[in-house]
Amino acid sequence: MAADKKIARRRGAWICFQDESGVSLLPVVRATWAPKGMTPVLHHRFSWKRMSMAGVLAYRPDRSRSAFVFSMTDGAYNTDKLIEFLTELRTHFAGEKVILIWDGLMAHRSKAMTAWLATQRDWLHVERLPAYAPELNPIEQVWGNMKSTELANLCPDILDEVRIATEAGLTRIGSNYDLCHGFLDHTGLSL
């Protein structure tokens, strides 16, 4: 990680932590309040319909700025969808240099992804997080925060309700500099 910091400073690059997560029509059950003697009950459809999110928490090496970029899709992310997301990321950062730190998901290691990454070396440098330490990825805190706030005890009937709540939560997080840097501080990593 120290080498990544030096590379980021030298290249003027954003340090970006990337991850994917999923949500479904099943409620994220959290403790809540209810009148004395009345147990709260969640009524929901037992459905496994899912959507996935891909996100990047990005930081300037001098901590002057942070950014949060996310995308959502029905089903799961595969190599092609992740390449689309990374292409959007390049547009978001307007061609600035990026050091991308992510886990060992199969779609991150596929032949197609490896070939695509080889064509992106002018702006993108990729490093892997150790498989045994997901807690080093600050974006894991993003998913937990959003699921514990906007999705807590939500019993949607359709996936669009989940999408709206998820987008609201991710937008809230992305607009809060202190929260984004708090997630980084929680990992114990420094820039």
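Start by colouring the protein chain by confidence: the lowest stretch is helix α1 (residues 2-11), with a mean of 58, and the highest is helix α4 (residues 111-118), at 97. The score here is pLDDT, the predictor's confidence in each residue on a scale from 0 to 100. Across the chain it averages 86, and 84% of the residues score at least 70.

Some housekeeping first. This is a predicted model, where local features need pLDDT of at least 70 and side-chain atom pairs count only at pLDDT 80 or more, while totals for chains, interfaces and linings use all residues. Residues are numbered from 1 along each chain as its sequence is written, and side-chain values use heavy atoms, with hydrogens and water left out. Helices (H or I, at least four residues) and strands (E, at least two) are DSSP runs numbered from the N terminus.

**The sheet**

Next, select the five strands. They make an open, mixed sheet in the order β3-β2-β1-β4-β5; two strands count as paired if DSSP finds at least two bridges between them. Look at the edges: β3 (66-74) and β5 (124-128) each have a single partner strand, so one side of each lacks a neighbour in the sheet. On average, neighbouring strands are turned by 25° against each other, direction ignored.

**Strand β4**

Now pick residues 98-102, which are β4; this strand pairs with β5 in the parallel sense over five bridges. Show W102 and you'll find R128 of β5 opposite. Over at β1, four bridges join that strand to β4, again running parallel, and W14 has V98 in β4 as its bridge partner.

Which way do the β4 residues point? V98, L100 and W102 go one way and I99 and I101 the other, and all are buried (under 20% relative accessible area; over 50% is exposed and in between is partly exposed, with a 1.4 Å probe and protein chains only). With five of its five residues buried, β4 is therefore largely enclosed by the rest of the structure.

**The helices**

Bring up α2 (residues 79-92): it lies across β1 (14-24), β2 (50-59), β3 and β4, at about 150° to β3. Angles like this run from 0 to 180 degrees between N-to-C directions, with axes fitted to C-alpha atoms, for helices over the stretch in contact.

Finish at α4, where M113, W116 and L117 are the buried residues. They span an arc of only 100° around the axis, so they sit on the same side of α4; the arc is taken from the directions from the helix axis to the C-beta atoms. What covers them includes α2, β4, α3 (106-109) and β5, with contact meaning heavy atoms within 4.5 Å.
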